[in-house]
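Have a look at the model first, then read on.

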Amino acid sequence: MDESRLAQGTKVRREVLGDAYVDRAVAGATEFNQPFQDLVGEYCWGWLWTRDALPRQTRSLINIAMLALLNRPHELKAHVRGALNNGCTEAEIREALLHATVYGGVPCGSDGFRVVREALDEIAAEQAA
C-alpha cells in the first residue's frame, strides 16, 4: 500500500464527502473490510480523484450519472453531497440525471431523481438545523 497516496486520498475524500461521512466509514471498518477501505482511499480517492485531467465538478457529475445507472442509492446520496461540496448546482445534477435517464431508461431516471431529491432534502434539513 502506498501510504502517501492513501493519505492524499483520505484528504480528498474528506473534502468531497465531508468529515462525518468519512468518519462513519472509518469507524465501521473491521478486520474483514479494512482492505476495502484501504483500496477506496488509495485508488478511488488517492489515484483517481487527484488526477488533473478532469475537475472535481465533472467527476461528481459523472459519478451521479453512473451511480444512478447502476442503481446504487446509498453511494448516489453520498455523491450528491459531494457534488454540492464540489460546487455543482442542482441544475447540473438534474442534467446528469436526465442524461442517465436517456441512456439508462426511465426506471433508472425515476429512481435516480427520487434518491437525489431525498439527498437534497436531507442536506437542506441539516443546514436548517
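A crossing counts as left-handed when the near helix is turned anticlockwise from the far one by less than a right angle, and as right-handed when the turn is clockwise. Keep in mind that this is a predicted model. With that in hand, the crossing of H4 and H5 comes out left-handed, while that of H5 and H7 is right-handed.

**H4 against H5**
- Helix H4 (residues 56-69) packs on helix H5 (residues 73-85) at about 160°, and their axes are 9 Å apart.
- Angles over 145 degrees count as roughly antiparallel, so that's the label for H4 and H5.
- On the H4 side you'll find Ser60, Asn63, Ile64, Leu67 and Ala68, which meet Glu75, Leu76, His79, Val80, Gly82 and Ala83 in H5.
- Sorted by class, this contact of H4 with H5 has six nonpolar, four polar and one charged residues.

**H5 against H7**
- H5 and H7 pack at about 55°, again with a 9 Å gap between axes, and that makes the pair oblique.
- From H5, Pro73, Leu76, Lys77, Val80, Arg81 and Leu84 meet H7 residues including Gly112, Val115, Val116 and Glu126.

**The largest pocket**
- The largest pocket holds about 840 Å³ of space.
- It's lined by 33 residues, and Leu17, Tyr21, Glu75, Ala78 and His79 are the closest to its centre.
- By class, the lining has 18 nonpolar, five polar and 10 charged residues.

Technical notes:
Residues numbered from 1 in each chain as written. Predicted model: local features only at pLDDT ≥ 70, side-chain atom pairs only at ≥ 80, totals over all residues. Heavy atoms only, no water. Axes fitted to C-alpha atoms, helices over the stretch in contact; angles between N-to-C directions. Helix = DSSP H or I, 4+ residues; strand = E, 2+ residues; numbered from the N terminus. Parallel < 35°, antiparallel > 145°, perpendicular 65-115°, else oblique. Contact = heavy atoms within 4.5 Å. Nonpolar A, V, L, I, M, F, W, Y, C, P; charged D, E, K, R; others polar. 1 Å grid on protein atoms, 1.4 Å probe; cavity = no way out; pocket = protein on both sides within 12 Å on 5 of 7 lines; lining within 4 Å. Points joined across faces, edges and corners; volume = space filled by probe spheres on them.
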